[in-house]
Protein chains: 4
Amino acid sequence: MSNVPEDHVDHPLERLMFFSDAVFAIAITLLVIEIKVPHLHTQNPAEAWEGVRGILPSLFGYVLSFLVIGRFWIGHHTALQAMEHHTSKLIWPNIFLLMAVAFMPFATAFMAENLHNSGPTTFYNLALLFLAVCSLRVVSIATAPGHTRPGFSETTRRTMIARSMGVIVTVLITLAATFAFTSGGISQMLLALMPLVQRVLIKLSLSRMKPAVEPAEA
Amino acid sequence: MSNVPEDHVDHPLERLMFFSDAVFAIAITLLVIEIKVPHLHTQNPAEAWEGVRGILPSLFGYVLSFLVIGRFWIGHHTALQAMEHHTSKLIWPNIFLLMAVAFMPFATAFMAENLHNSGPTTFYNLALLFLAVCSLRVVSIATAPGHTRPGFSETTRRTMIARSMGVIVTVLITLAATFAFTSGGISQMLLALMPLVQRVLIKLSLSRMKPAVEPAEA
Amino acid sequence: MSNVPEDHVDHPLERLMFFSDAVFAIAITLLVIEIKVPHLHTQNPAEAWEGVRGILPSLFGYVLSFLVIGRFWIGHHTALQAMEHHTSKLIWPNIFLLMAVAFMPFATAFMAENLHNSGPTTFYNLALLFLAVCSLRVVSIATAPGHTRPGFSETTRRTMIARSMGVIVTVLITLAATFAFTSGGISQMLLALMPLVQRVLIKLSLSRMKPAVEPAEA
Amino acid sequence: MSNVPEDHVDHPLERLMFFSDAVFAIAITLLVIEIKVPHLHTQNPAEAWEGVRGILPSLFGYVLSFLVIGRFWIGHHTALQAMEHHTSKLIWPNIFLLMAVAFMPFATAFMAENLHNSGPTTFYNLALLFLAVCSLRVVSIATAPGHTRPGFSETTRRTMIARSMGVIVTVLITLAATFAFTSGGISQMLLALMPLVQRVLIKLSLSRMKPAVEPAEA
């Protein structure tokens, strides 16, 4: 490939961000069309609440995945903001990340419509794991030394990577719990541990930095 | 969190606006896919108008929710235009607002396909109430003193907040009427009171301003 | 409303364009999900072509509406490019235009799945008429004297308005033909007259201009 | 048309890119809604993996088409980056390209849900061929001498066109193989030849350049 002048063509960061933002926005909004509309046969409002109760798993899946995709969007956003200029190394890892993001509406619907079976919940967690790994890779590339803007500190890089790792660790714990108890619904609640796991990993990661690094201006 | 240098990374307002605009645009356009296409069995045009009559509630829901989402988009837009710089306080309230916006296609379809039952109409109004509360929160943060641009006046802030409150009050009136008459279809027409309620609240809010505030240049 | 300082808040043209572009893009892409996927029962490729023949009306509708929406996007685009600054007069007419655009996937599916019945074709033409009227209104506001950029000529304005009128006239001819022959499929071909009708109207409109107007630099 | 001052109105490249990016992003994300969610009747996780096995063709189609659309997006992106200014010659070829892109979710679902029949696979390949031809046309126009930015070299142009040709040649080989073996699934694997075919064509194309052309700075 050495004789193909790929980098002759300026492939700017802005369009990559724009395309990614659009895929995130579409995936997050498509979550809603997987919720089945209940059809009522009587005029009795009680039947309506019966119908809503029937789709509670879908509503739960909607809220969960909206927050998950929203969180990954913020992470993507923050990582790409850190970059000084575009690197073509980012293109394919970013497309795999978007493939994982766009897949979440399916994984959510599969889990929500079969909450009585732990298999689809495990499938959802595997999809989330794939998403987290793709995100970690994009964050690593975007914040690698040489790609970032002048003011970008090692502390911020470590915080961002530790946060991505926190997602991976939490999903692994949840997967382990699902196998131990074979109960998808309950083990899924372990995902709520995520902020805690992230905080621990950030502390650990920052405490291992060499003291020469300037402290964060927080 | 004090040792996490979150604000090191510049997280600009433009990308937040862009992402929000995209979610609003997708949600408003997805409204259409909830309208079921009638299938006709004869060549008789009269059957076609029969079919259209059958989906009139869906067409009504499409127009209503298009105007509702369009109105909230304008409000969001105006509020974020008022800001001078990005604040990370806005991120999560904005994601909850988008969650409420993206949910409207479901609430619309649920109401429109079950207009004979007041339950789904109440559900729609509750979704609208959640949307209005999320919007009020975003407007309050975006127009809070210290976040806004130099020329931004207290009068405009009060107008915008009173307008958001007007939506909440109108939805509450409509909800009350639904419970009083147990008739979704008719009480839904009270939503048309919205401009009136908004105007009253704006007048009330502005009349309580201290006279020291400069009058609007309108 | 005179004491509400609406124009205090700068509501720029760019975000309106962006939101509109997004709705156009989503509506044009959603056309595809109305095409039903044929399910085949044998390994015989002939059955596949049978299946494709069954969805030919949907494929025809896809191509027709893609070109229609694409054409209106170009018109919208061109009109808003002509503007020097944002005017709040544009907001609601633009939201109604977007409502008409976003409705086209439904109108297309209704027509395509019932091509044997002239009713849905008439419905499609009425939706197209509504779209054309909304578009004419937006074009008129955007290119009105006082809103446009310095270099913008009366010739261009007349050309753009005549082009919008051309759509309306062609749809009216098609509607008339549908009523005369009660045959949707055939009269729909009259839509192909559109470029001709537009050209005639543009010539007519320009020929009525006062000679004082400078000729176009074409 | 000579008296219609079309180019009076500045129709900038940015909005064309934006609209195109949005259509690419929506089409790539819509791929997921064609995957049918399996419904499980028991609590047995084995049934879940049974369900996943049933949708493996759809998952394969999702990954394949995501990479295909992603690749064409990169190509589109790179071609339009090469341009110095907008040309109205690009508008309609670009709309046809977008029509081909937006059609891929249908072609993917048709193929994936009927993988036992070679017909839909041929249909998919024909859709891909149409997409590749439209893309070649847009690339040719965008990189034509006179449209490109100062630094843009003939080497890059030839590389980009050879890459587009590589897609066309590979799809033609795959189509030929499908007719020879009447087995869609297996011949589809020939699409993996694409990078190889592209490399050969790029080498061929560059080797035919006149030596006067400066070597690429790679």
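A residue is called buried if 20 or more other C-beta atoms lie within 10 Å of its own, exposed if 12 or fewer, and partly exposed in between, with C-beta atoms placed from the backbone. This is a predicted model, in which local features need pLDDT of at least 70, side-chain atom pairs count only at pLDDT 80 or more, and totals for chains, interfaces and linings use all residues. Residues are numbered from 1 along each chain as its sequence is written, and chains are lettered from A and ligands numbered from 1 in the order in which they are written.

**Stop 1: B:Leu67**

Select B:Leu67, which lies in helix H3 (residues 56-81) of chain B. Helices here are DSSP runs of H or I with at least four residues, strands are runs of E with at least two, and both are numbered from the N terminus. B:Leu67 has 17 C-beta neighbours inside 10 Å and so counts as partly exposed.

**Stop 2: chain A as a whole**

Of the 218 residues in chain A, 50% are buried. Two residues are in contact if their C-beta atoms, placed from the backbone, lie within 7 Å. Among the chain A contacts between residues at least 6 apart in sequence, 80% join residues at least 24 apart.

**Stop 3: A:Val101**

Next, select A:Val101. Leaving out residues up to four places away in sequence, A:Val101 touches A:Val23, A:Phe24, A:Ala27, A:Ile69, A:Phe72 and A:Leu131. A nonpolar core is a set of buried Ala, Val, Leu, Ile, Met, Phe, Trp, Tyr and Cys residues joined through C-beta atoms within 7 Å. The largest such core has 248 residues, and A:Val101, B:Val101, C:Val101 and D:Val101 touch the most other members.

**Stop 4: where chain C meets chain B**

Bring up chains B and C. The contact takes 39 residues from chain B and 34 residues from chain C. On the chain C side, the elements giving two or more residues are helix H1 (13-30), helix H4 (91-112) and helix H5 (118-142). H4(C) gives the largest share, nine residues.

**Stop 5: chains A and B**

A turn of 90° and a shift of 0.0 Å along the axis give an RMSD of 0.0 Å. The two copies are therefore related as by a four-fold rotation axis. Only 8% of the interface residues of chain A are also interface residues in chain B, so the copies meet through different surfaces.

Key:
Least-squares fit on C-alpha atoms with pLDDT ≥ 70 in both.
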